[in-house]
Amino acid sequence: MGKAASVVVIGGGIAGIQASLDLADRGVRVHLVEKTPSIGGKMALLDKTFPTMDCAICILAPKMIEVYRHPNIELLTLSEVTHVEGGAGDFRVTVAKKPRYVDESKCIGCGVCASKCPVRVPDEAQMGLSTRRAAHLPFPQAVPLIYSIDERSCLYLTKGICRVCERFCEAGAIDFEQKPEERVIDAASIIVATGLDTYDPSPLKEYGYRRFKNVVTALELERMITATGPTEGQLLRPSDGRHPESVAFIQCVGSRSLSEGYPYCSAVCCMHATKEAILVREHIPEARVTIMYTDMRAFGKGFREFVNRARDEYGVEYIRGKPAEIREEPRDSGLSFWYEDTVTGEILQKRVDLLVLCTALTPSRDNKRLAEILGVELDEHDFFVQPDHMLSPLGTTREGIFVCGYSQGPKDIPDTIAEASGATAMSAEVMRRAMRG
Amino acid sequence: MIKLPSIIQRGGVPYEQCNQCGKCASGCPAARYLELRPRKVVLMVQRGKIDELLRSGFIWECTQCHQCMERCPRDVTPFDIIISLQNTAVRAGLPFPENLTTISNSIRSRSLVQGDQEVFDGDFESYDRASLGLPDLRPPENMEAFREALDKSFGWDLS
Amino acid sequence: MRYALYLGCWIRTELYNVEMSTREVMARLGVELVDVPGFSCCGYPLRSLNMPTMFYLSARNLALAERKGLDLFALCNGCHASISEVKHALDRDPELVRQVNDNLALEGLEYTGRSRVMHLLEILSGDVGVERIRASLTRGLEGFRFAPHYGCHALRPSVVGRPEDPEDPKILDGLIRALGAEAAYYPERLDCCGSSLGIYDIESALKMAGAKLSSIKGRGFDGMVVVCPFCYKMYDSRQDVIKRVVEDEGIEIPVFYYTQLLGLTMGLDARRLGLHLNQSPVELAIQRMEEMWRG
């Protein structure tokens, strides 16, 4: 069909996956560029989704596989866009592909290389709560289900020694001779779907993150509670490995802040905290769970009902108040804080076994670099700017380049998917015009 | 919008930014024992209930620990608001803690909050600066000028 | 190292042991303390009455130090905080400086901002340094465990620059360790002594101080170390009253000003450090120290 019937999608999370499938199903050739070894994004790391309590990876994986098998989608993992020329309808996109050091045509995903690899580094997919090897699969449902060797930690690639993986790989798939590749792709339009990163709350020292063992972030909690997590689905206190009998969540950590952190609301934390609170109660029925909130933002379809369910069926306690200082009891690593219940004005103290910080969710840290390459504007928080936010919420400051998902602004999964389909439609219009000549 | 004067925050203390999260009251040590809730003070200012605040007892309950202004995520500085209200109440001739007058008088008369005290050890032996070998420290050279300057400071614009 | 020693009000008129111990240890650490005549109250207690008065009083003390070409060493947390706040505001507001200087002119003084405001913690950990402190010791406090009480004004408001990190202070801990003792984290360590509340409601202030003492009680500390006369007065001078108010006769916590503890490890006699004037049960702790040092 020619270059006009091609689209480059940047980012392999749910937004990029949905956009790619929508386009590919309509006969458009899609090049999905993902910088990590697997697609899936942050959604693949969640245990469940709100408000439906679906298993996140269970509903995501079929889409991931569809992407992989779709005849119209070229999946470029370990890849990044490095240069863009041209304009709407006629872009030339340069994509740099990093070597996987594993031959994609030979690897059968058996995992022997990883089991033999002597290197251990913090596992990003487990939020650093456990380790992985240099030769690794990002997570069990990775797509492509092909191992890759992390060039920053591999002993051979950094120091010229080892190569144990090669010795044990029966498929002969290890290939240290692989080199970075570069391709120039002709595309009618580009869809940006770079997703989100999490805010590290260490600067907010009053909350004790990284100072007190039993203070964790919400995404860390998801990994601690999910079946494929570092504790295989057992929610255990980091300090003593026991089940927490009491858990508190603190909302708006680094969000809605005019001092440290970000001024905007991350949109989904009230809901994901509710979801996580339900999960804790499901895992540990005796646990007392409290959510310390500032405003309960349950604005979407089924949201308020979900919160009510958490409160009435699962006994989750909701308190409108924000702790100022978290204290650790040296004797049992328990955490305590004073708080004002702002509804009643009472000052009370609470003690919990585990404290969860619901931190701000930010646009991808790579957006700055990408925006410069794409020649588009970002706002002061690194969200992609819409010249007409009202009537063209998926546009960017360059014609032919569209954005969807969290990189456009804070939102949940259903809205992300809706936007992905929207970006598809706008993309299609660019193509239609280009093909007309 | 009412301006709350402060000579540190010349444009007035920024109370509009408060979203009532309550972090200030959560950390306030006075709140644990008394009525003061910095969050509520800010809310009342936002609603324009200045007179009620100036006449309240609780604006005097502040321990001046600065926790509220250190931790406020909206840069509201409840402490500056409370001080601004306190100063305004004094200027308006409304009741305030007597001890402040005692201290103020002492500073006016001898430049310090109190005169040299006699202290005692466990055996009820008494000591003073001289008997402990401490140097004799002199007050301001010109006490009249000092007092004049002190009095003049009460006439400054609060903002 | 030469500073104008600024004592504020309470150390100068009542808490003589703080002054004694500070003069003794600083002399041995090579720090010269100069007495500047004319120092007055820093104005901290008058903030509630009239903020400009606090500004005037803090600025005049800085102006006096400036006139002698010296930085001002404020031995009290409260003084250090108020003078630092005033300096911070003045150094950013020329209009305010003009207004202040109008007042100062009545006394023939002028503020230009040349003098810095120094804290005991800064001088000891920075200018003197832990190594030099260690070298000056003749005996150590190994086996002793102290609760550092920083005091609100050593911690906050961080925007004007304080000697300690407001949420995770470490400097006083390091200085206690320099003496060979252990300085441990305890959950109430950032809590306020309640002193300023005493102006309005002394009973609540005492309860506040008592809550902290009660909590420390069961944690195996040999004493509490303070660096502020307000905090010192609450926990030491008023410990007996506090015990009655919070109905906890079990509170027996020796309270030392850091310079007193430092002086003891330098080999100085307890009386020279004014320890006979401490009203908290310091004799118990000192007896144990002396036993350890004899044996």
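How many Å separate the centres of domain 1 of chain C and domain 2 of chain C? In this predicted model, the answer is 24 Å, taken over C-alpha atoms.

Figure 1. Chain C is divided into domain 1, residues 2-120, and domain 2, residues 138-294. Their C-alpha centres are 24 Å apart. Where the two domains touch, 22 residues of domain 1 are in contact with 26 residues of domain 2.

**Figure 2. The side of domain 1 of chain C that touches domain 2 of chain C.** Follow the helices here: α1 (10-13), α2 (16-28) and α4 (77-90) of chain C each give two or more residues to this side. Of the elements, α2(C) gives the most, with 9 residues. By class, this side of domain 1 of chain C divides into 10 nonpolar, 9 polar and 3 charged residues.

**Figure 3. Chain C against chain B.** On one side are 47 residues of chain C, in contact with 56 residues of chain B. The elements giving two or more residues to the side of chain C are α1, α2, α3 (51-67), α5 (94-105) and α10 (202-217) of chain C. The largest share of the side touching chain B comes from α3(C), with 5 residues. Sorted by class, this side of chain C has 24 nonpolar, 13 polar and 10 charged residues.

**Figure 4. A closer look at α3(C).** This helix is mostly covered, with 16 of its 17 residues buried.

**Figure 5. Chain A as a whole.** Our last stop is chain A, with its 10 helices and 22 strands. Its radius of gyration is 23 Å, close to the 22 Å that the globule rule gives for 437 residues, so chain A is as compact as a globular protein of that length. Along its principal axes, the C-alpha trace of chain A spans about 70 × 60 × 35 Å. Of the 437 residues of chain A, 51% count as buried. Among contacts in chain A with a separation of 6 or more, 69% are between residues 24 or more positions apart.

Key. Residues are numbered from 1 along each chain as its sequence is written. Chains are lettered from A and ligands numbered from 1 in the order in which they are written. This is a predicted model: local features need pLDDT of at least 70, side-chain atom pairs count only at pLDDT 80 or more; totals for chains, interfaces and linings use all residues. Domain bounds come from an automatic or database domain assignment. Two residues are in contact if their C-beta atoms, placed from the backbone, lie within 7 Å. Helices (H or I, at least four residues) and strands (E, at least two) are DSSP runs, numbered from the N terminus. Ala, Val, Leu, Ile, Met, Phe, Trp, Tyr, Cys and Pro count as nonpolar, Asp, Glu, Lys and Arg as charged, and the others, Gly among them, as polar. A residue is buried if 20 or more other C-beta atoms lie within 10 Å of its own, exposed if 12 or fewer, and partly exposed in between; C-beta atoms are placed from the backbone. The radius of gyration is taken over C-alpha atoms; the globule rule is 2.2 Å times the number of residues to the power 0.38.
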